[in-house]
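Subject: Handover of a structure

Dear colleague,

Please find the structure below, together with the sequence. A summary of what was found follows it.

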Amino acid sequence: MISVRRVVEKDSEVIFKWRNDDLTRKMFRTSELVEWDGHSKWLEATLANPNRCLLICETEEGTPIAVVRFDIEDSRAELSINLSPLQRGKGFAPKCLSLAIEYFEKHYPFVSELIAEIKTINLPSRKSFERVGFLMREERDGYWYLSADINT
């Protein structure tokens, strides 16, 4: 069983490690290595930002599987997921996305649309988003743009 909760300060190290994983960096908008100090400042600002919801998915035993980020702007939110490098290829992404979206819908009822920007080299991510109801809207400049309606 997988559960979802808000990220807290103690999650910082695992998120930092995942962010600097080689494959993760290739899939992110910015592929540079992140320094610990910069990461710590980012997490502190993220946890204080009312327009950002950062969630962690974990097993019953407390093993972290993925971090899911929602950036809110008016009635829309951009959604992204970063799986633990140790959990890739195990089918966790759609389940984590689904549970994170359920959590998000309950806590942010004013958001009606989710959007995702995925690099076109990341077909597994696109398939995961499509499995949870996202639809392809356009392909442009090396990215796929998908969206889904929520709270309807």
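Is Glu-78 buried or exposed? Glu-78 is buried, with a relative accessible area of 17%, where buried means under 20%, exposed over 50% and partly exposed in between, for a 1.4 Å probe and protein chains only. This residue lies in strand β4. Glu-78 and Tyr-108 are separated by 30 residues in sequence and by 13 Å in space, C-alpha to C-alpha.

Before the remaining findings, a note on conventions. The model is predicted, and local features need pLDDT of at least 70, side-chain atom pairs count only at pLDDT 80 or more, while totals for chains, interfaces and linings use all residues. Residues are numbered from 1 along each chain as its sequence is written, and side-chain values use heavy atoms, with hydrogens and water left out.

The sheet

Seven strands make up an open sheet with mixed pairing, in the order β1-β2-β3-β4-β5-β7-β6. Strands and helices are DSSP runs numbered from the N terminus (strands E, at least two residues; helices H or I, at least four), and two strands pair if DSSP finds at least two bridges between them. At the edges are β1 (2–6) and β6 (135–140), each of which pairs on one side only. From one strand to the next, the twist averages 25 degrees.

Strand β2 (residues 52–59) runs antiparallel to β3, and seven bridges join them; Phe-70 in β3 is the bridge partner of Cys-53. Strand β3 (residues 64–73) in turn pairs with strand β4 (residues 76–83) in the antiparallel sense over eight bridges, with Ile-72 opposite Ala-77 in β4. These strands, β3 and β4, form a hairpin with two residues between them, and Asp-74 in the turn has a positive phi of about 60 degrees.

Strand β4 and strand β5 (residues 113–119) run parallel and are joined by three bridges. Here Arg-76 stands opposite Glu-113 in β5.

On its other pairing, β5 runs antiparallel to β7, with seven bridges joining the two; the bridge partner of Ile-118 in β7 is Trp-144. Six of the seven residues of strand β7 (residues 143–149) are buried, so this strand is largely enclosed by the rest of the structure. Strands β6 and β7 are antiparallel and joined by five bridges, and Arg-140 stands opposite Tyr-143 in β7. They too form a hairpin with two residues between them, where Asp-141 in the turn has a positive phi of about 50 degrees.

The helices

In helix α1 (residues 12–19), the buried residues are Ser-12, Ile-15, Phe-16, Trp-18 and Arg-19. Seen down the axis of α1, these buried residues fall within an arc of 165 degrees, so they line one face of the helix; the arc is that of the directions from the helix axis to the C-beta atoms.

Helix α1 packs against helix α3 (residues 36–48) at an angle of about 120 degrees, with the axes 11 Å apart. Axes are lines fitted to C-alpha atoms, for helices over the stretch in contact, and angles run from 0 to 180 degrees between N-to-C directions. The two helices, α1 and α3, are therefore oblique to each other (under 35 degrees counts as roughly parallel, over 145 as roughly antiparallel, 65 to 115 as roughly perpendicular and the rest as oblique).

Yours sincerely
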